[in-house]
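Thanks for coming. I will go through one model, starting with a helix and ending with a pair of rings. Please have a look at it first.

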Amino acid sequence: MLEDGFKSHRYGTVLGNLSDHGYLEKTEVDMLLKNYLSTRTINFDRTSDAKAKIVTEALIDNYPRIKGNP
């Protein structure tokens, strides 16, 4: 899902990469970021299970990239 070679420590940047590649709509990114900023937790309220799974898998994929493990 994430672009090859992409990595980021920022949740919003990960969401932006998913949006750039057609996995999320801008409105979904805005909602997820708003939820994160207000609760300081990743919150999938009002997000479909399929979209929540996409974001979760992208975050899991991103984690070893930022830790330096391919």
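Which helices do the buried residues of H1 pack against? They pack against helix H2, residues 26–39, and helix H3, residues 49–66. Helices here are DSSP runs of H or I with at least four residues, numbered from the N terminus.

Before going on, the conditions. This is a predicted model, in which local features need pLDDT of at least 70 and side-chain atom pairs count only at pLDDT 80 or more, while totals for chains, interfaces and linings use all residues. Residues are numbered from 1 along each chain as its sequence is written, and side-chain values use heavy atoms, with hydrogens and water left out.

Back to H1, which covers residues 11–20. Its buried residues are Tyr11, Val14, Leu15, Asn17 and Leu18. They lie on the same side of H1, because the arc they cover around the axis is only 155°; that arc is taken over the directions from the helix axis to the C-beta atoms. Buried means under 20% relative accessible area, exposed over 50%, and partly exposed in between, with a 1.4 Å probe and protein chains only. In general, an α-helix has 3.6 residues a turn, so residues three or four places apart point the same way. After H1 comes Gly22, with a positive phi near 85°.

Next, the core. The largest nonpolar core has 12 residues, among them Leu2, Phe6, Leu24, Ile54 and Ala58. A nonpolar core is a set of buried Ala, Val, Leu, Ile, Met, Phe, Trp, Tyr and Cys residues joined through side-chain atoms within 4.5 Å. At least two residues of this core come from each of H1, H2 and H3, and H1 gives the largest share, four residues.

One core member, Leu24, touches Leu15, Leu18, Ser19, Val29, Leu32, Lys51 and Val55, leaving aside residues up to four places away in sequence. Contact means heavy atoms within 4.5 Å.

Last, the rings. How many aromatic pairs are there? The count is one, where rings of Phe, Tyr and Trp (its six-membered ring) pair if their centres lie within 6.5 Å; planes under 30 degrees apart count as stacked, over 60 as edge-to-face and the rest as tilted. Tyr11 and Tyr36 have ring centres 5.2 Å apart and planes at 50°, so this pair is tilted. Tyr11 sits in helix H1 and Tyr36 in helix H2, 25 residues apart, so the pair links distant parts of the chain. Tyr11 is buried at 11% relative accessible area, whereas Tyr36, at 27%, is partly exposed.
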